[in-house]
Amino acid sequence: MQGIGMLLEGIFGSVVGTTVSVENVGLLGLTHIGSRRVVQISCGYMIFFSIFGKFGAFFASIPLPIFAAIYCVLFGIVAATGISFIQFANTNSIRNIYVLGLTLFLAISIPQYFVMNTAPDGHGPVRTDGGWFNDILNTIFSSAPTVAIIVGTLIDNTLEGKQTAVDRGLPWWGPFQNRKGDVRNDEFYRLPLRINEYMPTRFL
């Protein structure tokens, strides 16, 4: 099912398929291949291997230390790829240093607090009469990437956001906000089977 889902996402323009899988982000940063055709072909392999059990058994026989080494490389590249986006911002700006530092610190400390104060029965620090509400908040604030994106987005867009657009690196991203802004955008945003003619978007 994941292969089929990623195949559909690759057809309709997703660069890395199911982007919630951080392995895809790391693989994209490692290979620098962002072609949708690659996503479509890899999805075909996923579907093929899932049908024939012998291939699945082969991958299951790979020793765990090898998988651990692969994950170390992939997650390291995921972190480095995320940090590399800072190159478009002014790293000499005290505002940007403050936003980056506070985001990294809270993204480490808040999830650590939630993990350390989670009881053995699974109840976290948030304890109200609504169990579903507790589960949502405890899950969100136990995830370091989620805390980082919430804090970073909030601070970056509220702390002198409009006055420091150049320091934030926003002009660099401007040409990629619509199809005619850059010659590479047509490949990025083009949909197959002339769907663009029937599905207007802000990128046209």
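With which residue does Asp 156 form a salt bridge, its closest N and O atoms being 3.2 Å apart? The partner is Arg 168. The pair links distant parts of the chain, with Asp 156 in helix 8 and Arg 168 in helix 9 (residues 165–168), twelve residues apart. Here a salt bridge denotes a side-chain nitrogen of Lys or Arg within 4 Å of a carboxyl oxygen of Asp or Glu, and helices are DSSP runs (H or I, at least four residues) numbered from the N terminus.

The model is predicted, so that local features need pLDDT of at least 70 and side-chain atom pairs count only at pLDDT 80 or more, whereas totals for chains, interfaces and linings use all residues. Residues are numbered from 1 along each chain as its sequence is written, and side-chain values use heavy atoms, with hydrogens and water left out.

The structure holds two salt bridges. Besides the pair described above, Arg 95 forms a salt bridge with Asp 156, and the closest N and O atoms are 3.0 Å apart. Arg 95 lies in helix 6 (residues 94–116) and Asp 156 in helix 8 (residues 144–158), so this pair ties together parts that are 61 residues apart in sequence.

With regard to accessibility, Arg 95 is buried at 7% relative accessibility (buried means under 20% relative accessible area, exposed over 50%, and partly exposed in between; 1.4 Å probe, protein chains only). Arg 168 also counts as buried, at 14%, while Asp 156 is partly exposed at 21%.

Note on methods
Helix = DSSP H or I, 4+ residues; strand = E, 2+ residues; numbered from the N terminus.
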